Amino acid sequence: MKRLFISLLLAGACAAPVAAEGIDPAKVEAVFKASFSKVPEGWASRLVQDETQAECSKYRDNPPAAAADAIVAREKKNIRYPADGKLMGDWEAAIKDADNGAGKRSTDDPTKAAGGNCYACHQLDKKNVAFGTVGPSLLGYGKDRKADEQTIKETYDKIFNSQSVLACSQMPRMGANGFLTPEQVRDFVAMLLSPDSPVNK
Amino acid sequence: MQLTRREVLALSVGATVFGVAGLRAGGAVAAPEDVKKLMMEFAGGEPKTGRIALTVPEIAENGNSVPVSFAVESPMTDKDYVSSVMLYADGNPVPTVASFTFTPMSGKAVATTRMRLAKTQNVIVVAKMSDGSSFTDTKQVKVTIGGCGG
Amino acid sequence: MMPRRGKLGRLFAGVALAAAAAFAAPAWADNELDTYKKMLADPFANPGNLYVDEGEALWKKPAGPKNVSLEKCDLGLGAGVVKGAHAKMPRFFADAGRVMDTDTRIAWCREQLQGIPFADSAKTAFSARGKKSDMELLTTYVANQSAGMPLSPQLGHEKEKEALAIGEALFFRRGSLLDYSCATCHAASDTRIRLQPLAHLTENKSAGKVVGGWPVYRVSQESVRAMQNRMWDCHWQMRYPSIDFGSEATVALVMYLTKMGEGAPVTAPALAR
Amino acid sequence: MSETKPRIKVPETAAAGEVVTIKTLMSHIMESGQRKDKDGNVIPRKIINKFTCEFNGKPVFACNLEGGISANPYMEFTAKVTESGTFKFAWVDDDGTVTTAEQAIAVK
């Protein structure tokens with residue numbers, strides 16, 4: 001399955017470069033950084049790419065096989081689990097959080113948890129018509145598969161660190177980047193897999 | 001009043017987050033029964049359906065500007081014309097949105113405007129004719145959350 | 001509407017969501033949004049036009065410490081020429097020694113001609129509710145003076161070419177807490193965030209339609225917004241600090257987007273959500 | 001409060017007895033009185049509460065507006081024109097300010 005998706009990925013149309021060939025990435029980074037004169041305390045790291053971000057930028061999200069394998073291998077090590085080891089949380093909390101696009105912006109209360117904002121890109125509950133299509137529909141996700149230990153873990157890993165599954169996935173590395181907590185991630189796992197969740201109704 | 005950049009940003013962003021900048025924060029929202037009462041008072045009884053057609057989109061991308069228009073069948077002569085039309089939104093904090101007064105010089109009893117809707121709800125028009133009879137039409141508008149911020 | 005499957009494969013691989021049928025949005029959702037947009041489409045009813053009028057009056061009114069108008073501002077076609085200037089932005093300005101977009105150039109003119117510090121224009125470039133922004137009014141007027149003319153970004157100068165290259169690289173640059181780049185949302189057709197169709201900004205037709213419309217009247221904010229606000233807003237959503245008004249990165253991105261939309265007519269101020 | 005002139009669209013000419021479409025757009029915040037500021041205080045209502053259109057001094061169309069009308073109110077309606085003359089429009093603000101505008105039409 002993974003191979004299939006990677007070949008689809010490679011086949012994906014990519015915008016033909018108009019000018020960026022030959023521009024020094026260090027120059028681009030310097031221009032970018034210099035364009036933020038006021039950086040809140042603790043935010044400087046957001047302006048600096050990690051290795052995975054730099055690689056995906058360089059390859060415009062179509063990394064060659066070796067680079068892709070290196071990204072996946074690195075990101076697999078970049079997954080944390082809740083202290084008690086439980087990976088199925090509270091779907092009711094998650095379905096609300098899935099509709100919340102706030103958090104961790106410069107104008108948000110920094111003490112508040114960020115929302116998952118899943119609906120921006122995914123369909124979840126068929127009653128909510130305001131869903132995006134950047135990501136696939138997740139309607140019936142838990143009906144399509146058995147919620148065994150392996151599926152639960154795979155689902156958790158995908159949400160916590162999408163690139164541990166697919167290099168340069170468009171989906172944020174929600175947990176790995178510290179955007180969502182491990183506890184929030186497991187709530188989303190329950191939202192996708194619990195038979196009581198509206199995703200599976 | 002000189003706002004700091006931070007305040008300016010917070011305010012401009014606030015408008016996005018609230019979606020319907022004009023209406024969301026009020027709290028109190030009309031119950032559909034309130035509108036029913038308002039309608040009955042205006043019409044002097046239960047208005048009939050027909051003769052007035054309301055046009056609204058079934059789904060609105062943003063509640064701040066929902067296009068609304070109506071047209072009433074009437075010869076608009078000195079003896080037989082539409083005297084007034086009420087426009088209600090049954091889920092808004094103030095359910096009366098506007099009232100329109102026509103005369104035979106209006107030529108037609110039609111109007112188009114833009115309204116705010118705080119959430120998904122019914123939009124209702126009631127037309128009162130010069131002979132005292134009244135007519136109504138209702139349509140639901142779904143108001144959706146939009147954009148990356150939701 | 002059926003999103004492209006190759007794209008989808010990239011998005012959620014590993015969780016085996018291969019059933020293409022499941023990806024389709026209900027047809028009515030898009031059609032009904034079309035009805036909404038069509039009903040709002042009457043250009044006369046677009047409040048952005050009121051900003052054009054107000055911006056024109058402001059352009060011609062003496063203001064600032066020097067109490068002069070902006071009528072002598074050189075927007076690239078010579079001092080005092082407003083008509084057609086926006087369509088040829090961004091461009092290199094020798095007097096400033098850098099590439100500027102329309103927003104930035106107007107702030108520069110305000111400083112040079114009127115004595116209003118650039119930083120003050122930057123600070124007040126975005127309106128707050130109940131407090132209109134002179135910068136938004138002026139930018140809307142200037143852009144509207146190119147209505148119907150094709151977007152023609154200037155690329156003769158080395159600095160202009162460099163801006164395009166940097167803008168393109170930035171468009172694909174992933175970063176911050178959500179790993180987003182501009183391309184995450186704006187490099188495919190037929191996708192949407194919530195119910196809003198996303199512009200395919202690496203495709204000429206889609207990019208031209210969008211870029212030609214800015215500044216736009218944003219219904220959600222009950223105000224016009226200029227392109228520098230769009231740049232700020234996208235970076236804000238991507239969880240960056242506030243990107244500087246008129247910064248090299250924002251102007252470079254505007255150069256890239258304008259190049260992508262090259263040839264499309266200016267329709268500013270368009271109407272947007 | 002408006003520093004901006006309203007925009008008005010009326011045909012320059014019409015046939016006698018023709019019903020013409022009139023469009024008006026007015027710059028106004030339409031503060032509904034339902035919003036709160038960041039400290040939780042209600043922002044007082046400030047809207048255009050009335051719009052009227054007369055032709056040669058006789059009423060054609062009028063509208064009472066509430067806070068549920070969008071910012072920068074747009075109004076489209078019709079008028080039956082039997083003679084040449086002048087439309088007069090008026091917008092009444094909560095603060096008492098009345099903004100007026102006129103537009104002539106010739107009947108051919």
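Here's a quick tour of the side-chain contacts in this predicted model. Local features need pLDDT of at least 70 and side-chain atom pairs count only at pLDDT 80 or more, while totals for chains, interfaces and linings use all residues. Residues are numbered from 1 along each chain as its sequence is written, chains are lettered from A in the order in which they are written, and side-chain values use heavy atoms, with hydrogens and water left out.

**Aromatic rings**
- Over all chains there are 24 aromatic pairs (rings of Phe, Tyr and Trp, the last by its six-membered ring, with centres within 6.5 Å; planes under 30 degrees apart are stacked, over 60 edge-to-face, the rest tilted).
- C:W59 and C:Y141 make a tilted pair, 6.0 Å centre to centre with 55° between the planes.
- That pair links helix α3 to helix α6 of chain C, 82 residues apart (helices are DSSP runs of H or I, at least four residues, and strands are runs of E, at least two, numbered from the N terminus).
- C:W59 counts as buried at 2% relative accessibility (buried is under 20% relative accessible area, exposed over 50%, partly exposed in between, with a 1.4 Å probe and protein chains only).

**Salt bridges**
- You'll find 35 salt bridges over all chains (a side-chain nitrogen of Lys or Arg within 4 Å of a carboxyl oxygen of Asp or Glu).
- B:E61 and C:K37 meet at 3.6 Å, N to O, and this pair crosses between chains.
- B:E61 is buried at 5%, whereas C:K37 is partly exposed at 35%.
- D:K46 bridges to D:D93 at 2.8 Å, with D:D93 in strand β7 of chain D.
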